[in-house]
Amino acid sequence: MNYFNPRILEINTRVWLKKKKLTSVAEISESQIDEWKDLGFDYIWLMGIWKTNKDIIAQYCFEPDLVSSYTNALKDWRTEDIIGSPYSIDCYEVNPDLGTESELLQLRERLHKKGIKLILDFVSNHLSVGSRLVKEKKEIFLPADEYLFRNDPYTFFKSPYNSKEYFAHGRDPLFPPWKDTIQINFYSNEARNFLIETLNKISDLCDGVRCDMAMLSLNNIFYNTWVGALKKYGYEKPGKEFWSEAINAVKSEKPEFVFIAEAYWDLEWQLQQLGFDFTYDKRLLDRLAGNDIKSVKDHLHAEKDFQQKSVRFIENHDEDRAASKFGKDRSLAAATIISTIQGMILYHDGQFEGKKIKIPVQLGREPFEKEDDRIKNFYYKLLRITKYSAFRKGEWSMLDSIPAATSDYSFENILIWQWKYENNLFIVAVNYANSTSRCRVKFETPKDKMILNLNDILNSVSYERSIEEINERGLYIELKPFSSHIFSINI
């Protein structure tokens, strides 16, 4: 089953099940799956499905910054609410608090019957510092020694199983290490073989993986992060990139299996070339958040193949909530933008209800937040609109906004594009400014009509306009702050 411009919903599985008062993924109802289908989701990403290590929580999950984040998110949090990061994985077995492997497979089958596929996490860079594999497969981890440990006890640690062995914590080179993790060594054949074997096992349980911090596995990035330890132990740079080997290994058996990369640092294109089907588009989020309309337009002029492989989002578990970051009105304008362009569109559980509180991944409970009916109704309408075939299979193209009057520069605030599929044309216009803006726009019109009916399906209003005027001067558009049109036109 091939999806075009697919929609994916991220669910924080541990928190979501608790909120729904469910004890297992097996208890997810048919009505819930039907709702996901009705809203047009092609993929459900169950974030945090894997087994974690509860024994390390007391040692690593109560550092001052984390405690502060818990209090900011959940005023009445208790010690038992802290359940550890889902990205500090003990092993790739289904977390028994969420169900069993057979129950996960049953859920996957139920999703398939409704045309929905299942995405799970894959964390290539590290495992839990308390993983049993630290003892059973120590050759897959990046080694250290007493000298490295004494000089940087924050990055390196002593093995809990052997006082003479040392390892590195997992890390992003721009930030302090994640002390609840142990770093996997991508220059080790044993590590690569282990990860590929793990991916093959995961591929029997789901239809794709969201790969955490995928760029950290690149040979040059890994070398620059760990050059001291790599030189000390004489590790040579591998001839191939890990992702090329891993993706080829899985897709040779399961060509439809989907790889999604969490990626930053302008390495998205490189990861796409290594075989990733989709890569995060954080740059678009940053430009939308910065209200840089020109840079958003420039961004959307990137070549088609890159755009179609980009994951568009305005929030996820790592980012602030859209309603909080953007404000209500601007968040809906941003949602209209990401929902009506090319690529995979990622939505986050709670986004549709206008939730404002970002939940630290270590928390197992979320606070009560009242739903915002206006935001929810808007999203549900937008999602059902973008189920139309034109938004999935059509041809997307940017349109130029033209000044409505000589001295009126507000046209620069309006982003406009179209989707064309068979006899259907959809024109999307978004005023991404805090002031009323006007423009004109020209587009292909039927040659056998004099009057064109424009049905604004987002706002449930219809207009009739002269085709002669559209062809000669352009369709006149006036939009209030952060408002949008989605015109449906028969051509």
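This is a predicted model: local features need pLDDT of at least 70, side-chain atom pairs count only at pLDDT 80 or more; totals for chains, interfaces and linings use all residues.
1. Have a look at Trp50 and Tyr92, which make an edge-to-face pair, with 5.3 Å from centre to centre and 65 degrees between the planes. Trp50 belongs to strand S3 (residues 50-52) and Tyr92 to strand S4 (residues 89-94), so this pair ties together parts that are 42 residues apart in sequence. Buried or exposed, these two, Trp50 and Tyr92? Both Trp50 and Tyr92 are buried.

2. Next up are Phe157 and Phe167, a tilted pair: the centres are 6.2 Å apart and the planes are at 40 degrees. Phe157 is in strand S8 (residues 156-158) and Phe167 in strand S9 (residues 166-168), 10 residues apart, and the pair links distant parts of the chain.

3. On burial, Phe157 has a relative accessibility of 7%, so Phe157 counts as buried. Phe167 is buried too, with a relative accessible area of 4%; the cut-off for buried is under 20%.

4. Back to Trp50 and Tyr92: they belong to one aromatic cluster, together with Phe122, Phe186, Tyr187, Phe222, Phe242, Trp243, Phe257, Phe259 and Phe276.

5. Over the ring of Tyr223 sits the charged end of Lys237, 5.7 Å from the ring's centre.

Methods. Residues are numbered from 1 along each chain as its sequence is written. Side-chain values use heavy atoms; hydrogens and water are left out. Rings of Phe, Tyr and Trp (its six-membered ring) pair if their centres lie within 6.5 Å; planes under 30 degrees apart count as stacked, over 60 as edge-to-face and the rest as tilted. Helices (H or I, at least four residues) and strands (E, at least two) are DSSP runs, numbered from the N terminus. Buried means under 20% relative accessible area, exposed over 50%, partly exposed in between (1.4 Å probe, protein chains only). A charge sits over a ring if NZ of Lys or CZ of Arg is within 6 Å of the ring centre and within 35 degrees of the ring normal.
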